[in-house]
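The sequence and the coordinates come first, and the description follows.

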Amino acid sequence: MSQLVVFLRNSSILDGLLHPDSDEKPLQFELKDGGTVLHISAAENASQVSAAPCACKMTVVPRALLNAMTHHMLDPASYFPLIPSHTDGEEPRLSLAMLVSEAESESARPTVKVFARHSGDPAVFQADVILPPDAGVDFDTASVTIQERLCLEDINQHRSVAVIGVGSGGSRIAVDLCLVGVGRIVLVDDDRLELHNICRHVCGLQDIGRLKVDAVRDLIKSYRPHTQVQTVSSQVEASSDNEELKQLMADCDVVIAATDNRASRSFINQFCVENQKVCLYGELHERAQSGDVLVCRPNGPCFACIAGAPTADGQAKTEEVSSEKQGRKLFPAYTPANTIRANIQVGLSSDIAPVSMLLFKVVLLELLKISCPDKIPMEEWRRFDEEVGRVAVFEWTNRHDDLDDPVGHVWEPNSKEAVLRWYSRDYPKDEHCMVCQMVTDL
């Protein structure tokens, strides 16, 4: 292991050198772990660049020269007039020379070598270099079969998912979709990250006050920079007239409803029924006593068939209160703030994780069904898919509480079913549903 590991976080770092028509972006340096690790990223503009602990000279050199350095073990110092000299001002903590050569073919990657020396030390050493990830699926070929790799590559290049609601559950799902290689993700939420979110959300204190969609987008980009992420920071209500949101949802293969109120689910359900979209709903019930995942497909039962019609104001009869903002909508205006906060009982991170993990797995199966229809791994899943007239419902219970279930007849209070287990059921279409039957009639 070298004295220094250099990670190039963006492919645009090299674009300005290798492609003269590309815009050369200013570099941002971040030293970690006592100066043994250096991350280099390309900033959008000079105002985003903080005081650099490093000075770097980047030069394109013939491939033969780089090969000679490796194969003939030539002294790096003999090639080091490229390292910047600092006669004026304080010498940087680390000085670098980055030598880059063109790739041998279109499928190959450029060759990059970095030589460095520390401040006050004339000795020059070669650093280990880690190149930025490829735009395609970058999986270890030893861990997946050829068929699986082809499916994942199709998901990366052609599949897209809308995640509506990027709170504690939706944010986890969005990041997992990125990790498996989904090429395009749409994030929808109007909330900002607050202190009380941190114990459950994937984002941390560094994102307090930011819009959740922006914080999760940046987290996704930190894992896979090439993932296309589109954000909508507006409310999703039963009467939503946001044309941008509707167009983004229409362009996605699967829609995930990870919101915490019935009004938004009603709008999503109505839209997906009208536009023949697969929609998955993930819910946690009051005080996170239990949860469920609903799979609604075109021409099958919809969310309203299972959960029933909402009340006149678009809310469920018993609505889970997951934030003070939501509580102020549900309670009368004169309700004290302490009373509203006392009703915010969304459960622990461990209560939310089972529902979000299963929802992600179900989404992945739906995407695989599109990309590799003959490779769906679950026979039970095939049964639900073949019986278009029924909807799959997966139910999870954390504990037995004598509480009414917001979803309605899906969950039976005081049932003797075991806790910490999933149960799968299927339900028929409601012949009197005010949503899917009305659309069918039209």
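## Salt bridges, sheet and helix

Asp 207, Arg 210, Asp 214, Arg 217 and Asp 218 are linked in a network of salt bridges, a salt bridge being a side-chain nitrogen of Lys or Arg within 4 Å of a carboxyl oxygen of Asp or Glu. The model is predicted: local features need pLDDT of at least 70 and side-chain atom pairs pLDDT 80 or more, whereas totals for chains, interfaces and linings use all residues. Residues are numbered from 1 along each chain as its sequence is written, and side-chain values use heavy atoms, with hydrogens and water left out.

The structure holds 10 salt bridges.

| Pair | N to O distance |
|---|---|
| Lys 32 and Glu 30 | 3.1 Å |
| Glu 243 and Lys 246 | 3.9 Å |

Arg 217 and Asp 214 are separated by about one helical turn, because they lie 3 residues apart in helix H5. Glu 243 and Lys 246 are likewise 3 residues apart, in helix H6 (residues 243–250). An α-helix has 3.6 residues a turn, so residues three or four places apart point the same way.

Glu 243 is exposed at 54%, whereas Lys 246 is partly exposed at 24%. Lys 32, at 29%, is partly exposed, and Glu 30 is partly exposed at 37%.

An open sheet is formed by 7 strands with mixed pairing, in the order E2-E3-E1-E7-E6-E5-E4. Helices (H or I, at least four residues) and strands (E, at least two) are DSSP runs numbered from the N terminus, and two strands pair if DSSP finds at least two bridges between them. At the edges lie strand E2 (27–32) and strand E4 (54–60), each of which pairs on one side only. Strands E6 (residues 111–118) and E7 (residues 125–130) run antiparallel and are joined by 3 bridges; in one of them, Ala 116 has Phe 125 in E7 as its partner.

Helix H4 (residues 168–180) has 13 residues and reaches 19 Å from its first C-alpha to its last. Of these residues, 10 are buried, so H4 is largely enclosed by the rest of the structure. Among the buried residues are Ile 173, Val 175 and Leu 177. Just after H4, Gly 181 takes a positive phi of about 105 degrees.

Note on methods. The expected span of a helix is 1.5 Å times one less than its number of residues. Buried means under 20% relative accessible area, exposed over 50%, partly exposed in between (1.4 Å probe, protein chains only).
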